[in-house]
Amino acid sequence: MAEANTGDRMEKIVSLCKRRGFIFQSSEIYGGINGFWDYGPLGTELKRNIRDYWWHTMTRQREDVAGLDATIIMHPQIWKASGHVDTFSDPMVDCKTCKGRFRADQTAEIPCPQKPSKMVSACHGEKTAPRAFNLMFQTCVGPVQDDSAIAYLRPETAQAIFAQFKNILETSRQKVPFGIAQVGKAFRNEVTPRNFTFRSREFEQMELEFFIRPDEAVEAIAGHLASAADIGQCQTALGNDQTDWGWEAWHKYWVEERIRFYESIGLPRQTLVEYWQKPEELAHYARATVDILYKFPFSKRDAQGELMGEELEGIAARSDFDLSQHQRSSGKSMTVFDEELKAAWPKLEPAKQAELKERYYQNRLQYLSKTGEAPDKAEKLAREDAEALTKGYYLPHVIEPSAGADRLALALICNAYSEDQAPDEKGKLETRVVLRFHPRIAPIKVAVFPLLKNKPELVKKAREVRDLLRPWMNVFYDEAGAIGRRYRRQDEIGTPFGVTIDFDTLGEKGPELKDTVTLRDRDTMQQERVKISELLPLLLGRIR
Ligand code: ATP
(Lines give C-alpha, C1' and ligand atoms only; values in the text may rest on other atoms or scores of the structure.)
Protein backbone atom coordinates (compact mmCIF):
# COMPACT_ATOMS: atom_id res chain seq x y z
CA MET A 1 0.00 0.00 0.00
CA ALA A 2 1.47 3.39 -1.00
CA GLU A 3 1.68 5.71 1.98
CA ALA A 4 0.69 9.32 1.46
CA ASN A 5 2.87 10.59 4.25
CA THR A 6 5.80 8.44 5.21
CA GLY A 7 6.82 10.91 7.94
CA ASP A 8 3.50 10.31 9.71
CA ARG A 9 3.95 6.59 9.34
CA MET A 10 7.38 6.76 10.95
CA GLU A 11 6.01 8.86 13.82
CA LYS A 12 3.28 6.31 14.45
CA ILE A 13 5.84 3.51 14.44
CA VAL A 14 8.17 5.30 16.86
CA SER A 15 5.27 6.03 19.18
CA LEU A 16 3.99 2.43 19.04
CA CYS A 17 7.50 1.18 19.82
CA LYS A 18 7.56 3.24 22.98
CA ARG A 19 3.92 2.74 24.00
CA ARG A 20 4.03 -1.04 23.70
CA GLY A 21 7.55 -1.60 25.00
CA PHE A 22 9.57 -2.38 21.90
CA ILE A 23 12.17 0.40 22.01
CA PHE A 24 12.95 3.16 24.52
CA GLN A 25 15.48 5.94 24.48
CA SER A 26 18.48 4.90 26.56
CA SER A 27 18.78 6.75 29.90
CA GLU A 28 15.47 8.46 29.21
CA ILE A 29 14.99 9.64 32.80
CA TYR A 30 18.13 11.76 32.37
CA GLY A 31 17.02 13.19 29.05
CA GLY A 32 18.38 10.36 26.91
CA ILE A 33 21.76 9.95 25.23
CA ASN A 34 21.88 10.49 21.50
CA GLY A 35 22.43 7.39 19.39
CA PHE A 36 21.70 4.82 22.12
CA TRP A 37 18.50 2.80 22.44
CA ASP A 38 17.14 0.19 24.84
CA TYR A 39 14.88 -2.65 23.85
CA GLY A 40 11.85 -3.18 26.08
CA PRO A 41 10.21 -6.56 26.75
CA LEU A 42 8.78 -7.02 23.24
CA GLY A 43 11.77 -5.53 21.42
CA THR A 44 14.05 -7.86 23.35
CA GLU A 45 12.06 -10.88 22.19
CA LEU A 46 11.99 -9.59 18.61
CA LYS A 47 15.74 -9.05 18.50
CA ARG A 48 16.42 -12.39 20.14
CA ASN A 49 14.29 -14.09 17.49
CA ILE A 50 16.20 -12.26 14.75
CA ARG A 51 19.57 -13.29 16.15
CA ASP A 52 18.47 -16.85 16.82
CA TYR A 53 16.98 -17.32 13.37
CA TRP A 54 20.07 -15.84 11.71
CA TRP A 55 22.25 -18.18 13.78
CA HIS A 56 20.03 -21.15 13.01
CA THR A 57 20.08 -20.44 9.27
CA MET A 58 23.72 -19.48 8.98
CA THR A 59 25.36 -22.08 11.22
CA ARG A 60 23.18 -24.89 12.57
CA GLN A 61 21.41 -25.56 9.29
CA ARG A 62 24.73 -25.84 7.49
CA GLU A 63 27.74 -28.08 7.72
CA ASP A 64 30.20 -25.50 6.47
CA VAL A 65 29.91 -22.73 9.08
CA ALA A 66 31.31 -22.62 12.63
CA GLY A 67 30.58 -20.05 15.34
CA LEU A 68 32.60 -17.60 17.42
CA ASP A 69 31.85 -15.37 20.39
CA ALA A 70 34.80 -13.02 20.82
CA THR A 71 35.48 -10.08 23.13
CA ILE A 72 34.43 -6.52 22.38
CA ILE A 73 37.82 -5.10 23.37
CA MET A 74 40.71 -6.70 21.52
CA HIS A 75 44.39 -6.03 21.02
CA PRO A 76 44.65 -2.53 19.49
CA GLN A 77 46.98 -3.87 16.81
CA ILE A 78 43.98 -5.61 15.26
CA TRP A 79 42.50 -2.22 14.36
CA LYS A 80 45.81 -0.97 13.04
CA ALA A 81 46.12 -4.01 10.76
CA SER A 82 42.50 -3.82 9.60
CA GLY A 83 42.92 -0.18 8.60
CA HIS A 84 40.38 1.15 11.11
CA VAL A 85 42.87 3.28 13.09
CA ASP A 86 44.01 5.10 9.97
CA THR A 87 40.94 5.21 7.75
CA PHE A 88 37.70 4.42 9.61
CA SER A 89 36.44 7.96 9.60
CA ASP A 90 33.68 10.20 8.32
CA PRO A 91 34.23 13.72 7.03
CA MET A 92 32.99 16.16 9.70
CA VAL A 93 32.30 19.90 9.50
CA ASP A 94 31.55 22.48 12.20
CA CYS A 95 28.94 25.19 11.70
CA LYS A 96 30.34 28.62 12.56
CA THR A 97 26.86 29.96 13.34
CA CYS A 98 25.09 27.31 15.44
CA LYS A 99 28.31 25.52 16.55
CA GLY A 100 26.72 22.20 15.52
CA ARG A 101 28.80 19.30 14.10
CA PHE A 102 27.64 17.48 11.01
CA ARG A 103 28.79 14.85 8.59
CA ALA A 104 30.00 16.79 5.56
CA ASP A 105 27.79 14.69 3.28
CA GLN A 106 24.70 15.15 5.48
CA THR A 107 24.40 18.86 6.19
CA ALA A 108 21.00 19.32 4.55
CA GLU A 109 19.04 17.48 7.24
CA ILE A 110 19.79 16.66 10.85
CA PRO A 111 17.81 14.88 13.58
CA CYS A 112 15.49 17.27 15.43
CA PRO A 113 17.07 18.09 18.84
CA GLN A 114 13.68 17.69 20.54
CA LYS A 115 12.62 14.60 18.62
CA PRO A 116 15.61 12.66 17.27
CA SER A 117 13.45 10.34 15.17
CA LYS A 118 12.43 13.34 13.03
CA MET A 119 14.69 15.04 10.50
CA VAL A 120 14.78 18.83 10.25
CA SER A 121 16.67 21.25 7.99
CA ALA A 122 20.14 22.05 9.22
CA CYS A 123 21.40 25.53 9.99
CA HIS A 124 22.52 27.39 6.83
CA GLY A 125 25.52 28.96 8.61
CA GLU A 126 29.02 28.85 7.13
CA LYS A 127 30.74 25.47 7.61
CA THR A 128 34.41 24.71 8.24
CA ALA A 129 36.40 22.57 5.78
CA PRO A 130 35.75 18.84 6.33
CA ARG A 131 38.04 16.99 8.75
CA ALA A 132 38.36 13.23 9.16
CA PHE A 133 36.66 12.06 12.35
CA ASN A 134 37.55 8.53 13.46
CA LEU A 135 34.42 6.64 14.44
CA MET A 136 36.02 4.26 16.94
CA PHE A 137 35.31 4.71 20.65
CA GLN A 138 38.53 4.74 22.65
CA THR A 139 39.07 3.47 26.13
CA CYS A 140 42.03 2.55 28.34
CA VAL A 141 42.78 -0.94 29.56
CA GLY A 142 44.20 -1.17 33.09
CA PRO A 143 44.85 1.50 35.70
CA VAL A 144 47.39 3.59 33.81
CA GLN A 145 45.80 5.95 31.33
CA ASP A 146 48.60 6.56 28.84
CA ASP A 147 48.97 5.88 25.12
CA SER A 148 50.13 2.33 25.67
CA ALA A 149 46.82 1.53 27.39
CA ILE A 150 44.59 2.76 24.54
CA ALA A 151 42.13 0.19 23.22
CA TYR A 152 38.96 0.43 21.19
CA LEU A 153 35.40 -0.83 21.44
CA ARG A 154 35.11 -2.93 18.30
CA PRO A 155 33.47 -1.05 15.40
CA GLU A 156 32.59 -4.39 13.76
CA THR A 157 32.59 -8.01 14.86
CA ALA A 158 34.40 -9.28 11.75
CA GLN A 159 38.01 -8.64 12.75
CA ALA A 160 37.87 -11.12 15.64
CA ILE A 161 36.96 -13.78 13.09
CA PHE A 162 40.13 -13.10 11.11
CA ALA A 163 42.25 -12.96 14.24
CA GLN A 164 40.89 -16.36 15.39
CA PHE A 165 40.85 -17.89 11.93
CA LYS A 166 43.67 -20.36 12.57
CA ASN A 167 42.36 -21.51 15.95
CA ILE A 168 38.95 -22.23 14.49
CA LEU A 169 40.37 -23.95 11.44
CA GLU A 170 42.43 -26.23 13.65
CA THR A 171 39.70 -27.05 16.17
CA SER A 172 36.54 -27.28 14.08
CA ARG A 173 37.60 -29.84 11.48
CA GLN A 174 36.43 -27.46 8.77
CA LYS A 175 38.33 -26.97 5.56
CA VAL A 176 38.13 -24.27 2.90
CA PRO A 177 35.50 -23.41 1.72
CA PHE A 178 33.92 -22.77 5.10
CA GLY A 179 32.62 -19.89 7.15
CA ILE A 180 32.86 -18.44 10.65
CA ALA A 181 29.83 -16.64 12.04
CA GLN A 182 29.53 -14.19 14.89
CA VAL A 183 26.75 -12.09 16.40
CA GLY A 184 27.53 -9.29 18.81
CA LYS A 185 27.72 -5.66 19.76
CA ALA A 186 29.61 -3.10 17.72
CA PHE A 187 30.21 0.57 18.49
CA ARG A 188 30.67 3.54 16.20
CA ASN A 189 30.82 7.13 17.34
CA GLU A 190 28.58 8.24 14.47
CA VAL A 191 28.75 11.99 13.88
CA THR A 192 24.99 12.28 13.45
CA PRO A 193 22.94 9.32 14.68
CA ARG A 194 19.61 9.48 12.89
CA ASN A 195 16.37 7.88 11.83
CA PHE A 196 15.44 6.27 15.15
CA THR A 197 17.62 3.16 15.66
CA PHE A 198 18.79 3.06 12.05
CA ARG A 199 22.07 4.83 12.72
CA SER A 200 23.00 4.20 16.34
CA ARG A 201 26.27 4.46 18.22
CA GLU A 202 25.88 1.06 19.84
CA PHE A 203 24.33 -1.70 17.76
CA GLU A 204 24.50 -5.37 16.99
CA GLN A 205 25.94 -7.08 13.96
CA MET A 206 25.44 -10.55 12.52
CA GLU A 207 28.47 -11.34 10.42
CA LEU A 208 29.74 -14.24 8.41
CA GLU A 209 33.21 -14.53 6.94
CA PHE A 210 33.05 -17.25 4.35
CA PHE A 211 36.55 -18.38 3.38
CA ILE A 212 37.08 -19.66 -0.14
CA ARG A 213 39.91 -20.86 -2.32
CA PRO A 214 41.61 -18.24 -4.50
CA ASP A 215 40.43 -18.62 -8.11
CA GLU A 216 43.81 -20.01 -9.19
CA ALA A 217 43.45 -22.91 -6.73
CA VAL A 218 39.86 -23.56 -7.88
CA GLU A 219 41.00 -23.67 -11.49
CA ALA A 220 43.89 -25.99 -10.67
CA ILE A 221 41.54 -28.42 -8.92
CA ALA A 222 38.42 -28.21 -11.12
CA GLY A 223 40.07 -27.40 -14.45
CA HIS A 224 37.84 -24.35 -14.94
CA LEU A 225 35.83 -21.71 -13.06
CA ALA A 226 32.04 -21.69 -12.94
CA SER A 227 30.75 -18.38 -14.16
CA ALA A 228 28.41 -16.46 -11.90
CA ALA A 229 25.69 -17.03 -14.49
CA ASP A 230 26.04 -20.80 -13.96
CA ILE A 231 24.84 -20.40 -10.40
CA GLY A 232 21.12 -20.78 -10.84
CA GLN A 233 18.78 -18.87 -8.58
CA CYS A 234 17.48 -22.06 -7.05
CA GLN A 235 20.79 -23.60 -6.12
CA THR A 236 21.69 -23.98 -2.51
CA ALA A 237 25.15 -24.87 -1.32
CA LEU A 238 24.03 -28.08 0.29
CA GLY A 239 23.95 -30.96 -2.10
CA ASN A 240 25.58 -29.09 -4.97
CA ASP A 241 29.03 -29.54 -6.34
CA GLN A 242 30.82 -26.28 -5.66
CA THR A 243 34.30 -27.44 -6.63
CA ASP A 244 34.44 -25.04 -9.55
CA TRP A 245 33.02 -22.03 -7.70
CA GLY A 246 35.37 -19.05 -7.71
CA TRP A 247 34.77 -15.79 -5.85
CA GLU A 248 32.13 -14.53 -8.29
CA ALA A 249 29.99 -17.62 -7.93
CA TRP A 250 30.29 -17.63 -4.15
CA HIS A 251 29.49 -13.95 -3.97
CA LYS A 252 26.41 -14.33 -6.09
CA TYR A 253 25.36 -17.36 -4.08
CA TRP A 254 25.56 -15.41 -0.80
CA VAL A 255 23.62 -12.45 -2.18
CA GLU A 256 20.84 -14.82 -3.16
CA GLU A 257 20.96 -16.71 0.16
CA ARG A 258 20.71 -13.52 2.14
CA ILE A 259 17.78 -12.19 0.14
CA ARG A 260 16.02 -15.49 0.70
CA PHE A 261 16.69 -15.15 4.42
CA TYR A 262 14.91 -11.79 4.43
CA GLU A 263 12.01 -13.24 2.50
CA SER A 264 11.75 -16.12 4.96
CA ILE A 265 11.09 -13.70 7.82
CA GLY A 266 8.53 -11.65 5.97
CA LEU A 267 10.35 -8.98 3.96
CA PRO A 268 9.09 -9.44 0.41
CA ARG A 269 11.60 -9.07 -2.40
CA GLN A 270 9.88 -5.92 -3.68
CA THR A 271 10.64 -4.15 -0.38
CA LEU A 272 14.34 -4.83 -0.90
CA VAL A 273 16.87 -3.38 -3.33
CA GLU A 274 19.97 -5.28 -4.46
CA TYR A 275 22.47 -2.48 -4.96
CA TRP A 276 25.73 -3.36 -6.70
CA GLN A 277 28.35 -0.82 -5.71
CA LYS A 278 29.92 1.00 -8.64
CA PRO A 279 33.67 0.47 -9.22
CA GLU A 280 34.46 3.94 -7.85
CA GLU A 281 32.50 3.17 -4.64
CA LEU A 282 34.36 -0.05 -3.86
CA ALA A 283 36.97 -0.27 -1.11
CA HIS A 284 40.38 -0.76 -2.76
CA TYR A 285 40.59 -4.44 -1.75
CA ALA A 286 36.95 -5.32 -2.60
CA ARG A 287 36.22 -7.09 -5.86
CA ALA A 288 32.46 -6.53 -5.60
CA THR A 289 30.03 -5.40 -2.93
CA VAL A 290 26.27 -5.73 -2.95
CA ASP A 291 24.25 -3.78 -0.43
CA ILE A 292 20.83 -5.11 0.40
CA LEU A 293 18.62 -2.12 1.04
CA TYR A 294 15.20 -2.00 2.65
CA LYS A 295 12.72 0.66 1.59
CA PHE A 296 12.28 2.38 4.96
CA PRO A 297 9.60 5.07 5.24
CA PHE A 298 12.41 7.61 5.73
CA SER A 299 14.38 6.53 2.63
CA LYS A 300 14.88 9.12 -0.08
CA ARG A 301 12.75 8.86 -3.23
CA ASP A 302 13.99 8.67 -6.80
CA ALA A 303 12.69 10.78 -9.70
CA GLN A 304 9.70 8.42 -10.11
CA GLY A 305 8.77 8.83 -6.45
CA GLU A 306 9.94 5.31 -5.51
CA LEU A 307 11.63 4.77 -2.15
CA MET A 308 15.32 4.08 -2.81
CA GLY A 309 16.10 2.14 0.36
CA GLU A 310 18.74 2.15 3.10
CA GLU A 311 21.36 -0.49 3.84
CA LEU A 312 20.39 -3.54 5.88
CA GLU A 313 23.39 -5.62 4.94
CA GLY A 314 26.53 -5.49 2.83
CA ILE A 315 27.89 -8.55 1.04
CA ALA A 316 31.47 -7.95 0.06
CA ALA A 317 34.00 -10.05 -1.84
CA ARG A 318 37.07 -8.92 0.11
CA SER A 319 39.80 -10.97 -1.64
CA ASP A 320 42.55 -12.14 0.77
CA PHE A 321 43.03 -8.64 2.15
CA ASP A 322 42.07 -9.26 5.79
CA LEU A 323 44.05 -12.43 6.41
CA SER A 324 47.02 -10.92 4.53
CA GLN A 325 46.95 -7.86 6.75
CA HIS A 326 46.85 -9.89 9.95
CA GLN A 327 49.58 -12.20 8.69
CA ARG A 328 51.88 -9.27 8.02
CA SER A 329 50.97 -7.40 11.17
CA SER A 330 51.17 -10.33 13.60
CA GLY A 331 53.93 -12.29 11.90
CA LYS A 332 51.75 -15.43 12.25
CA SER A 333 51.03 -17.44 9.13
CA MET A 334 47.40 -17.36 8.00
CA THR A 335 47.93 -19.73 5.06
CA VAL A 336 46.13 -23.03 4.78
CA PHE A 337 47.29 -26.28 3.30
CA ASP A 338 44.92 -27.76 0.73
CA GLU A 339 45.41 -31.47 0.07
CA GLU A 340 43.33 -31.37 -3.11
CA LEU A 341 45.36 -28.53 -4.56
CA LYS A 342 48.61 -30.33 -3.81
CA ALA A 343 47.32 -33.44 -5.54
CA ALA A 344 45.93 -31.54 -8.54
CA TRP A 345 48.94 -29.32 -9.29
CA PRO A 346 51.38 -31.92 -10.72
CA LYS A 347 48.66 -33.18 -13.07
CA LEU A 348 48.32 -29.77 -14.78
CA GLU A 349 49.92 -29.00 -18.13
CA PRO A 350 53.13 -26.96 -17.60
CA ALA A 351 51.60 -24.03 -19.52
CA LYS A 352 48.57 -24.05 -17.21
CA GLN A 353 50.81 -24.25 -14.16
CA ALA A 354 52.77 -21.23 -15.39
CA GLU A 355 49.62 -19.26 -16.15
CA LEU A 356 48.01 -19.89 -12.74
CA LYS A 357 51.25 -19.24 -10.91
CA GLU A 358 51.75 -15.96 -12.74
CA ARG A 359 48.18 -14.81 -12.04
CA TYR A 360 48.55 -15.61 -8.36
CA TYR A 361 51.90 -13.82 -8.29
CA GLN A 362 50.38 -10.70 -9.90
CA ASN A 363 47.49 -10.63 -7.41
CA ARG A 364 49.78 -10.97 -4.42
CA LEU A 365 52.15 -8.37 -5.86
CA GLN A 366 49.31 -5.95 -6.37
CA TYR A 367 48.12 -6.38 -2.79
CA LEU A 368 51.62 -6.02 -1.32
CA SER A 369 52.41 -2.96 -3.41
CA LYS A 370 49.11 -1.24 -2.63
CA THR A 371 49.59 -1.74 1.08
CA GLY A 372 52.99 -0.08 1.07
CA GLU A 373 55.55 -2.89 0.78
CA ALA A 374 58.79 -1.73 -0.92
CA PRO A 375 58.98 -2.95 -4.56
CA ASP A 376 61.87 -5.40 -4.01
CA LYS A 377 60.32 -6.92 -0.94
CA ALA A 378 56.88 -7.04 -2.52
CA GLU A 379 58.24 -8.98 -5.50
CA LYS A 380 60.15 -11.39 -3.28
CA LEU A 381 57.15 -12.08 -1.04
CA ALA A 382 54.80 -12.46 -4.00
CA ARG A 383 57.22 -14.96 -5.62
CA GLU A 384 57.30 -16.97 -2.39
CA ASP A 385 53.49 -16.96 -2.21
CA ALA A 386 53.22 -18.15 -5.82
CA GLU A 387 55.75 -20.89 -5.14
CA ALA A 388 53.77 -21.97 -2.06
CA LEU A 389 50.61 -22.21 -4.18
CA THR A 390 52.24 -24.90 -6.30
CA LYS A 391 52.71 -26.98 -3.13
CA GLY A 392 49.11 -26.55 -1.93
CA TYR A 393 49.40 -23.45 0.30
CA TYR A 394 47.46 -20.21 -0.01
CA LEU A 395 45.74 -17.41 1.88
CA PRO A 396 41.99 -17.95 1.65
CA HIS A 397 39.83 -15.26 0.09
CA VAL A 398 36.65 -14.22 1.82
CA ILE A 399 33.03 -13.33 1.10
CA GLU A 400 31.50 -11.29 3.91
CA PRO A 401 27.74 -10.99 4.41
CA SER A 402 27.49 -8.42 7.22
CA ALA A 403 24.06 -7.50 8.60
CA GLY A 404 22.77 -5.30 11.41
CA ALA A 405 20.30 -6.78 13.90
CA ASP A 406 18.90 -3.39 14.92
CA ARG A 407 18.35 -2.23 11.37
CA LEU A 408 16.64 -5.50 10.63
CA ALA A 409 14.42 -5.18 13.72
CA LEU A 410 13.45 -1.69 12.55
CA ALA A 411 12.79 -2.90 9.00
CA LEU A 412 10.61 -5.72 10.30
CA ILE A 413 8.61 -3.34 12.49
CA CYS A 414 8.19 -0.84 9.62
CA ASN A 415 7.18 -3.60 7.26
CA ALA A 416 4.75 -5.15 9.74
CA TYR A 417 2.99 -1.92 10.67
CA SER A 418 -0.45 -1.66 9.15
CA GLU A 419 -3.85 -0.24 9.86
CA ASP A 420 -7.13 -1.74 8.75
CA GLN A 421 -10.79 -1.60 9.66
CA ALA A 422 -12.28 -4.16 12.04
CA PRO A 423 -15.58 -4.32 13.94
CA ASP A 424 -15.53 -3.37 17.63
CA GLU A 425 -17.56 -5.09 20.40
CA LYS A 426 -20.79 -3.61 19.03
CA GLY A 427 -20.04 -4.38 15.41
CA LYS A 428 -19.05 -0.81 14.51
CA LEU A 429 -15.97 -0.53 12.28
CA GLU A 430 -12.89 0.97 13.93
CA THR A 431 -9.27 1.37 12.92
CA ARG A 432 -7.20 -1.58 13.96
CA VAL A 433 -3.40 -1.28 14.27
CA VAL A 434 -1.71 -4.56 13.42
CA LEU A 435 1.92 -5.57 13.31
CA ARG A 436 1.90 -8.27 10.67
CA PHE A 437 5.11 -9.97 11.80
CA HIS A 438 6.06 -13.26 10.25
CA PRO A 439 5.31 -15.85 12.99
CA ARG A 440 9.01 -16.85 12.98
CA ILE A 441 10.12 -13.54 14.42
CA ALA A 442 6.96 -12.39 16.25
CA PRO A 443 7.85 -11.61 19.90
CA ILE A 444 4.87 -13.57 21.21
CA LYS A 445 3.63 -16.53 19.20
CA VAL A 446 0.31 -17.18 20.83
CA ALA A 447 -1.97 -15.51 23.37
CA VAL A 448 -4.20 -17.69 25.54
CA PHE A 449 -7.45 -16.27 26.88
CA PRO A 450 -10.16 -17.70 29.13
CA LEU A 451 -13.39 -16.16 27.82
CA LEU A 452 -14.29 -14.91 31.30
CA LYS A 453 -11.98 -14.42 34.21
CA ASN A 454 -14.57 -15.02 36.91
CA LYS A 455 -15.33 -18.60 35.83
CA PRO A 456 -12.81 -20.84 37.62
CA GLU A 457 -13.35 -23.78 35.20
CA LEU A 458 -12.49 -21.58 32.20
CA VAL A 459 -9.44 -20.11 33.95
CA LYS A 460 -8.23 -23.54 35.00
CA LYS A 461 -8.54 -24.93 31.49
CA ALA A 462 -6.90 -21.87 29.95
CA ARG A 463 -3.93 -22.19 32.29
CA GLU A 464 -3.61 -25.84 31.32
CA VAL A 465 -3.47 -24.84 27.65
CA ARG A 466 -0.91 -22.11 28.45
CA ASP A 467 1.26 -24.65 30.29
CA LEU A 468 0.95 -27.13 27.44
CA LEU A 469 2.31 -24.59 24.93
CA ARG A 470 4.82 -22.71 27.07
CA PRO A 471 7.77 -25.12 26.85
CA TRP A 472 7.63 -24.78 23.06
CA MET A 473 6.97 -21.11 22.32
CA ASN A 474 6.56 -17.68 23.86
CA VAL A 475 3.00 -17.61 25.21
CA PHE A 476 1.13 -14.66 26.67
CA TYR A 477 -1.70 -15.36 29.06
CA ASP A 478 -4.33 -12.66 29.48
CA GLU A 479 -7.62 -12.79 31.34
CA ALA A 480 -8.32 -9.05 31.76
CA GLY A 481 -11.01 -7.16 29.83
CA ALA A 482 -13.38 -7.88 26.98
CA ILE A 483 -12.18 -10.57 24.56
CA GLY A 484 -12.27 -8.17 21.58
CA ARG A 485 -10.00 -5.75 23.38
CA ARG A 486 -7.63 -8.56 24.33
CA TYR A 487 -7.39 -9.52 20.64
CA ARG A 488 -6.67 -5.90 19.67
CA ARG A 489 -3.88 -5.61 22.22
CA GLN A 490 -2.22 -8.68 20.70
CA ASP A 491 -2.80 -7.47 17.12
CA GLU A 492 -0.96 -4.28 17.94
CA ILE A 493 2.15 -6.17 19.08
CA GLY A 494 2.00 -8.69 16.27
CA THR A 495 0.98 -11.92 18.04
CA PRO A 496 -0.03 -14.19 15.16
CA PHE A 497 -2.39 -16.51 17.04
CA GLY A 498 -4.98 -16.23 19.80
CA VAL A 499 -6.50 -19.21 21.60
CA THR A 500 -9.75 -18.75 23.49
CA ILE A 501 -11.14 -21.19 26.02
CA ASP A 502 -14.93 -20.87 26.22
CA PHE A 503 -17.93 -22.80 27.45
CA ASP A 504 -17.79 -25.13 24.44
CA THR A 505 -14.32 -26.17 25.63
CA LEU A 506 -15.90 -27.34 28.86
CA GLY A 507 -18.41 -29.42 26.89
CA GLU A 508 -21.40 -27.32 27.92
CA LYS A 509 -22.86 -27.30 24.39
CA GLY A 510 -22.37 -30.96 23.82
CA PRO A 511 -19.64 -33.58 23.92
CA GLU A 512 -18.42 -33.04 20.32
CA LEU A 513 -16.90 -29.61 21.18
CA LYS A 514 -15.50 -30.65 24.54
CA ASP A 515 -11.75 -29.99 24.77
CA THR A 516 -11.69 -27.88 21.65
CA VAL A 517 -10.63 -24.20 21.57
CA THR A 518 -11.02 -21.27 19.20
CA LEU A 519 -7.85 -20.49 17.27
CA ARG A 520 -7.88 -16.97 15.82
CA ASP A 521 -5.57 -15.79 13.06
CA ARG A 522 -4.28 -12.21 13.51
CA ASP A 523 -4.25 -11.31 9.82
CA THR A 524 -7.50 -12.83 8.56
CA MET A 525 -9.27 -12.63 11.95
CA GLN A 526 -10.75 -16.03 10.99
CA GLN A 527 -11.47 -18.43 13.81
CA GLU A 528 -11.27 -22.20 13.67
CA ARG A 529 -12.19 -24.83 16.19
CA VAL A 530 -9.22 -27.00 17.15
CA LYS A 531 -8.86 -29.95 19.50
CA ILE A 532 -6.54 -29.16 22.40
CA SER A 533 -4.72 -32.40 21.66
CA GLU A 534 -3.94 -31.10 18.13
CA LEU A 535 -3.09 -27.53 19.07
CA LEU A 536 0.63 -27.90 19.74
CA PRO A 537 1.64 -29.64 16.49
CA LEU A 538 -0.60 -27.28 14.53
CA LEU A 539 0.97 -24.17 16.04
CA LEU A 540 4.49 -25.53 15.77
CA GLY A 541 3.90 -26.08 12.08
CA ARG A 542 2.80 -22.46 11.65
CA ILE A 543 5.49 -20.68 13.65
CA ARG A 544 8.61 -22.42 12.34
P1 ATP B 1 26.41 2.84 6.52
O2 ATP B 1 26.93 3.10 5.15
O3 ATP B 1 24.91 2.87 6.65
O4 ATP B 1 27.13 3.63 7.60
P5 ATP B 1 28.25 0.71 6.59
O6 ATP B 1 28.40 0.41 5.14
O7 ATP B 1 29.30 1.51 7.28
O8 ATP B 1 26.79 1.33 6.87
P9 ATP B 1 29.04 -1.85 7.41
O10 ATP B 1 30.33 -1.40 7.94
O11 ATP B 1 29.00 -2.59 6.13
O12 ATP B 1 28.03 -0.63 7.36
O13 ATP B 1 28.32 -2.69 8.58
C14 ATP B 1 27.51 -3.80 8.31
C15 ATP B 1 26.12 -3.62 8.84
O16 ATP B 1 26.14 -3.18 10.20
C17 ATP B 1 25.31 -2.56 8.10
O18 ATP B 1 24.75 -3.08 6.92
C19 ATP B 1 24.25 -2.23 9.12
O20 ATP B 1 23.17 -3.16 9.10
C21 ATP B 1 24.99 -2.37 10.44
N22 ATP B 1 25.39 -1.02 10.90
C23 ATP B 1 26.49 -0.34 10.53
N24 ATP B 1 26.53 0.86 11.15
C25 ATP B 1 25.42 0.93 11.92
C26 ATP B 1 24.90 1.91 12.81
N27 ATP B 1 25.53 3.05 13.05
N28 ATP B 1 23.72 1.65 13.44
C29 ATP B 1 23.06 0.48 13.23
N30 ATP B 1 23.52 -0.48 12.41
C31 ATP B 1 24.68 -0.27 11.76
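In the predicted model, the side chains of Glu340 and Lys175 meet in a salt bridge, with a distance of 3.7 Å from N to O. Side chains of opposite charge can pair in this way when their charged atoms come close. Between domain 1 and domain 2, the count of such salt bridges is eight, and 12 residue pairs are found in polar contact across the interface of these two domains.

On the side of domain 1 that touches domain 2, at least two residues are supplied by each of three helices, namely helix 6 (165–172), helix 7 (215–222) and helix 9 (321–330). Helix 7 provides the largest share of that side, with six residues. Sorted by class, the side of domain 1 that touches domain 2 holds nine charged, eight nonpolar and four polar residues.

Domain 1 is made up of the segments 1–69, 161–329 and 397–429, whereas domain 2 covers 335–394 and domain 3 covers 444–543. The contact between domain 1 and domain 2 takes 21 residues from domain 1 and 22 residues from domain 2. A distance of 33 Å separates the C-alpha centres of domain 1 and domain 2.

The size of an interface is often given as the accessible area lost when the parts come together. For domain 1 and domain 2, the buried area is about 1,900 Å², and carbon and sulfur atoms give 50% of this area. Three residues, Glu216, Ala220 and Arg328, supply 32% of the area that domain 1 buries against domain 2, which is more than any other three residues.

Attention then turns to the ligand. Around the ligand there are 15 residues, of which Glu190, Arg199, Ser200, Glu311 and Leu312 come nearest. A polar backbone atom of Ser200 lies 2.8 Å from a nitrogen atom of the ligand. A polar backbone atom of Leu312 is likewise found 2.8 Å from the ligand, here from an oxygen atom. In the case of Gln205, an N or O atom of the side chain is 3.2 Å from an oxygen atom of the ligand.

A search of the whole structure finds 55 salt bridges. One of these joins Glu257 to Arg62, and the closest N and O atoms of the pair are 3.9 Å apart.

Two features of the backbone remain to be described. Most residues other than glycine have a negative phi, and most peptide bonds are trans. Val176 and Pro177, however, are joined by a cis peptide bond with an omega of about 5°. Pro177 is located in the loop between helix 6 and strand 11 (178–187). Ser27, a residue other than glycine, has a positive phi near 55°. The position of Ser27 is in the loop between strand 1 (23–25) and strand 2 (37–39).

Terms used: Residues numbered from 1 in each chain as written. Predicted model: local features only at pLDDT ≥ 70, side-chain atom pairs only at ≥ 80, totals over all residues. Heavy atoms only, no water. Domains from an automatic or database assignment. Contact = heavy atoms within 4.5 Å. Buried area = accessible area lost by both parts, 1.4 Å probe. Salt bridge = Lys/Arg side-chain N within 4 Å of Asp/Glu carboxyl O. Polar contact = N/O pair within 3.5 Å; in protein donor to acceptor, adjacent residues only side chain to side chain. Helix = DSSP H or I, 4+ residues; strand = E, 2+ residues; numbered from the N terminus. Nonpolar A, V, L, I, M, F, W, Y, C, P; charged D, E, K, R; others polar. Near = heavy atom within 4 Å.
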